[in-house]
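Please look at the sequence and the model below before reading on.

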Amino acid sequence: MTKDELTTWALANGWTVIAGHPSLTKPSAPKEAVVRMVCKATVVNIEAKKPAGKWEKLSGAAYGAIEPDPETGLPRGLGFTTLEGFRMLMEDNKNRTVFANFGPKR
């Protein structure tokens, strides 16, 4: 997958761009990123924010090593399936994005 394909996938699956990076937020603090996808020239890293506020790298891979899962479309090679609680956080963010569109129109 390329940087653009990863970004498109992330935005379609509940991620939002915060400080220039596709990010996931906690339901209780939807403006503050807790997980982010840092796309560099040849690699992409998944980082989580520690309680002290410092970012810690959880996983990373070269773009060429990342492939979409044929059934779910989830990018394989970044550890999304092995990181504890990650899928639930993604689901919460996606649901919040979907349900935000059902609100009253102004």
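A residue is called buried when its relative accessible area is under 20%, exposed when that value is over 50%, and partly exposed in between, as judged with a 1.4 Å probe and with protein chains only. The structure is a predicted model, in which local features need pLDDT of at least 70 and side-chain atom pairs count only at pLDDT 80 or more, while totals for chains, interfaces and linings use all residues. Residues are numbered from 1 along each chain as its sequence is written, and side-chain values use heavy atoms, with hydrogens and water left out.

In the protein chain there are two helices and seven strands, where helices (H or I, at least four residues) and strands (E, at least two) are DSSP runs numbered from the N terminus. Read from the N terminus, these elements follow the order α-β-β-β-β-β-β-β-α. The radius of gyration, which is taken over C-alpha atoms, is 14 Å for the protein chain, close to the 13 Å that the globule rule (2.2 Å times the number of residues to the power 0.38) gives for 106 residues, so the chain is as compact as a globular protein of that length. Along the principal axes, the C-alpha atoms of the protein chain fill a box of roughly 45 × 35 × 25 Å, and 34% of the 106 residues are buried.

Which strand holds Ser23? Ser23 belongs to strand 2, which covers residues 21-26, and with a relative accessible area of 1% Ser23 is buried. A polar atom of the side chain of Ser23 lies 2.8 Å from the backbone oxygen of His21. When neighbours within four places in sequence are left aside, Ser23 is in contact (heavy atoms within 4.5 Å) with Trp15, Thr16, Ile18, Ala33, Val35 and Arg36.

Thr25 is also found in strand 2. Is Thr25 buried or exposed? Thr25 counts as buried because its relative accessibility is 1%. Again leaving aside neighbours within four places in sequence, the residues in contact with Thr25 include Ile18, Pro30, Glu32, Ala33 and Val34, and also Leu89, Asn93 and Arg96. Thr8, by comparison, lies 17 residues from Thr25 in sequence and 18 Å from Thr25 in space, C-alpha to C-alpha.

How values were computed
Polar contact = N/O pair within 3.5 Å; in protein donor to acceptor, adjacent residues only side chain to side chain.
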